[in-house]
Amino acid sequence: MLQRVIEPPRTGVPPVVPPVATSWRRIDAWLARHAPARLADLRPPATTGAIDALESRMNLRLPDDLRASLLCHDGDSSYLTVLPCGPLYSTEQIAEVRQMRMEVWEDGKDPDEEETPWWREHWIPFAGRDGDDSFVDADRGMWRDHLGAAPHAGTACFMGWPSLGTWLHEVAEAMEHHDRPDRVTAVAGPVIGKDGWIDW
C-alpha cells in the first residue's frame, strides 16, 4: 500500500511537480541500473484506444496523471512490487478491480459509510494486492486527484498525496537517493536485494 507522505514545510509557494513521463524516465533509468529484472516487470505503454475504452467502460474520465502514467507503462507483471504501492494495474485490471469494488459496495445502506467509507463511485484503483487497493479520486470535489488506500476489509482513507504525479516524483527521488541515509525523503528509500528484488 502507499506510504503516508511526510508533510513538507509550508513556504507559501506550491512545489513544482514535473510531468509524469519525466518521473517515469527517472524510475526506468534507476531500475535499469539497479534492478533490471524489475524493469522487465513493467509492461509496455497502454494504447490511447485501450485508455479510451477503459474510460467508456467505467463512464469516468481518468485523472490526467493516471492517463499519463498508463501511457508510460500499462501496469506491471511483478508478483511482489516494483513501486511501493503493490503491483500496478493494467487498463484491463483497473476495469475489473473497480467493477468488483462497485458490485460489493452498497452506497447509502450503511449509516456510517459517509464518515468511514469502504469505496466511492469516483475512485479509480491503480495498484494493489490481495484485495488491498490504492486509488485516485476522479471526482470534482476537494479530493480530486488525491491518492488513497482502500483495504479489502476496513475503512478507506486518503494518504496525503495530492496527485499521482506528486507521488511518482517522490518515488523517483527516493530511488535516486537510496544510498543517502542522511537524506530525508517523503517516500522511504528502497533496499536492493541480492536477488534483484526491491524492498520498500
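Where is Asp145 found? Asp145 sits in the loop between strand 2 (132-137) and strand 3 (147-150), where helices (H or I, at least four residues) and strands (E, at least two) are DSSP runs, numbered from the N terminus. The model discussed here is predicted: local features need pLDDT of at least 70, side-chain atom pairs count only at pLDDT 80 or more, and totals for chains, interfaces and linings use all residues. Residues are numbered from 1 along each chain as its sequence is written, and side-chain values use heavy atoms, with hydrogens and water left out.

For the protein chain the mean pLDDT (the predictor's confidence in each residue, from 0 to 100) is 89, and 88% of the residues reach 70 or more. Over residues 5-13, however, the pLDDT is below 50. Beyond near neighbours in sequence, this stretch has 7 contacts in the model, a contact being heavy atoms within 4.5 Å. Where pLDDT is low, the predicted coordinates should not be read in detail.

Next comes the overall layout. The protein chain holds 6 helices and 6 strands. Read from the N terminus, these elements follow the order α-α-α-α-α-β-β-β-β-α-β-β. Of the 200 residues in the protein chain, 46% count as buried; buried means under 20% relative accessible area, exposed over 50%, and partly exposed in between (1.4 Å probe, protein chains only). Among contacts in the protein chain with a separation of 6 or more, 59% join residues 24 or more positions apart.

Two of the helices can be followed together. The axes of helix 3 (residues 48-58) and helix 5 (residues 91-104) come within 9 Å and cross at roughly 10°. Axes here are lines fitted to C-alpha atoms, for helices over the stretch in contact, and angles run from 0 to 180 degrees between N-to-C directions. Helix 3 is therefore roughly parallel to helix 5, given that angles under 35 degrees count as roughly parallel, over 145 as roughly antiparallel, 65 to 115 as roughly perpendicular and the rest as oblique. On the side of helix 3, the contact is made by Ala50, Ile51, Leu54, Arg57 and Met58. Helix 5 contributes Thr91, Glu92, Ile94, Ala95, Glu96, Arg98 and Gln99. The residues of this contact divide into 6 nonpolar, 2 polar and 4 charged; Ala, Val, Leu, Ile, Met, Phe, Trp, Tyr, Cys and Pro count as nonpolar, Asp, Glu, Lys and Arg as charged, and the others, Gly among them, as polar.

Ile94, in helix 5, is worth a look of its own. Ile94 is buried, with a relative accessible area of 0%. Leaving aside neighbours within four places in sequence, Ile94 is in contact with Leu54, Met58, Leu70, Tyr89, Ile124, Pro125 and Phe126. Not counting residues up to four places away in sequence, Ser23 touches Pro18, Gly165, Leu168, His169 and Ala172.

The cysteines can be taken as a group. A search of the whole structure finds 0 disulfides, a disulfide being a pair of cysteine sulfur atoms within 2.5 Å. Cys85 lies in the loop between helix 4 and helix 5 and is buried at 1% relative accessibility. Cys72 counts as buried at 17%, while Cys157 is partly exposed at 27%.

Finally, several loop residues deserve attention. Trp118, in the loop between helix 5 and strand 1 (123-129), is buried, with a relative accessible area of 17%. Trp118 and Trp105 are 13 residues apart in sequence and 7.4 Å apart in space, C-alpha to C-alpha. Most residues other than glycine have a negative phi. Asn59, in the loop between helix 3 and helix 4 (64-70), has a positive phi near 60° and is exposed at 70% relative accessibility. Asp145 likewise has a positive phi, near 75°, and is partly exposed at 26% relative accessibility.
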